[in-house]
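Subject: A structure for you to look at

Hi,

Here is the structure I promised to pass on to you. Have a look at it first, and then read my notes on its salt bridges below.

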Amino acid sequence: MGQAVKFDRYGDLDVLNVVEAPDSDPGPGEVAVTVVAAGINPGEAKIREGLLHERWPASFPSGQGSDFAGRVAALGEGVSGLEVGDEVLGFTHNRASHATRVVVAAEQVTPKPAGLSWDVAGALFVAGTTAFAAARAVSPEAGDTIAVSGAAGGVGSLVVQLLRARGVTVIGIAGPAKHDWLRSKGVIPVAYGDGLAERVRAAAPEGIDAFVDTYGSGYVDLALELGVKPDRVNTIIDFPAVEKYGVKAEGNASADTIDVLAELADLAATGELEVPIAATYPLARVREAFRELEGDHTHGKIVLHP
């Protein structure tokens with residue numbers, strides 16, 4: 001018998017509970033993984049609150065979590081290329097990784113590179129593939145100048161690095177406490193708040209070619225005000241702006257393949273991609289983990305340790 005995070009109705013943090021859960025056996029083509037680390041994500045909080053019911057409804061009782069890293073505990077019939085005890089990272093689409101054990105198709109795990117920490121491996125899927133898709137969506141080319149909102153957050157911190165690797169000048173919108181880290185990645189930091197448009201123009205006097213919005217709260221409007229064409233604006237969160245202006249909304253679902261995850265894992269293992277870890281919590285303190293996440297000021301990822 002293991003444990004899993006569950007909620008049986010939409011609501012605030014108090015609906016989250018850690019409950020006993022049977023250890024499911026893998027079926028044909030599946031693997032069971034004992035989870036060592038599992039990242040948490042803002043979208044999970046919005047689903048729990050019912051804010052995304054029209055787009056991604058929950059069925060109760062609902063689990064949560066997509067990202068995980070751990071050790072193979074059991075193999076289903078027909079699985080080859082893996083052994084019990086192998087260290088892997090992967091993903092589930094069944095809202096099930098915030099648990100001590102997860103069962104997924106064998107094609108949804110990939111070997112964990114030896115140089116990759118458990119915390120980074122367990123937090124990489126949603127943020128990494130979202131960042132990959134969001135950066136790709138704005139068609140970055142060497143010499144472009146691209147602004148990123150939420151530039152030091154879980155997704156934004158990866159977007160800015162992926163863009164810099166493409167030879168892009170990056171304007172990173174973030175609070176002053178994150179500016180030194182952004183500078184260390186070759187990003188030009190700009191503080192959010194009143195007067196932001198003027199500060200961005202001052203930082204990029206020749207203009208902005210594209211904009212990646214990882215935060216919402218009107219940044220799509222800012223991008224258009226700055227003269228960015230809608231087909232070079234991508235938001236991962238402001239879906240009403242997508243309907244209103246025809247900007248892009250490419251995120252995790254546009255790049256959620258094991259090949260992309262393996263590529264990101266290799267980049268992180270070799271130090272070419274830094275995945276900041278803001279905090280870790282035991283599974284029993286999942287409410288506290290989401291309380292910190294929902295404060296909207298974390299630098300990087302928050303990870304559960306089942």
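**Salt bridges and their surroundings**

E274 has a relative accessible area of 31%, so this residue counts as partly exposed. Please keep in mind that the model is a predicted one.

Which residue does the side chain of E274 meet in a salt bridge? The partner is K185, with 2.7 Å from N to O. E274 sits in the loop between α9 (258–269) and β13 (277–282), while K185 sits in the loop between α5 (179–184) and β10 (188–190), so this bridge ties together parts that are 89 residues apart in sequence. K185 is partly exposed too, at 26% relative accessible area.

Is R48 buried or exposed? With 0% relative accessibility, R48 is buried, because buried means under 20%. D12, at 49%, counts as partly exposed. Both residues belong to a network of salt bridges that also takes in E49 and E294.

One more pair to look up is R285 and E288, a salt bridge whose closest N and O atoms are 2.9 Å apart. R285 is partly exposed at 36% relative accessible area, and E288 is partly exposed at 35%.

Best wishes

Technical notes
Residues are numbered from 1 along each chain as its sequence is written. This is a predicted model: local features need pLDDT of at least 70, side-chain atom pairs count only at pLDDT 80 or more; totals for chains, interfaces and linings use all residues. Side-chain values use heavy atoms; hydrogens and water are left out. Buried means under 20% relative accessible area, exposed over 50%, partly exposed in between (1.4 Å probe, protein chains only). A salt bridge is a side-chain nitrogen of Lys or Arg within 4 Å of a carboxyl oxygen of Asp or Glu. Helices (H or I, at least four residues) and strands (E, at least two) are DSSP runs, numbered from the N terminus.
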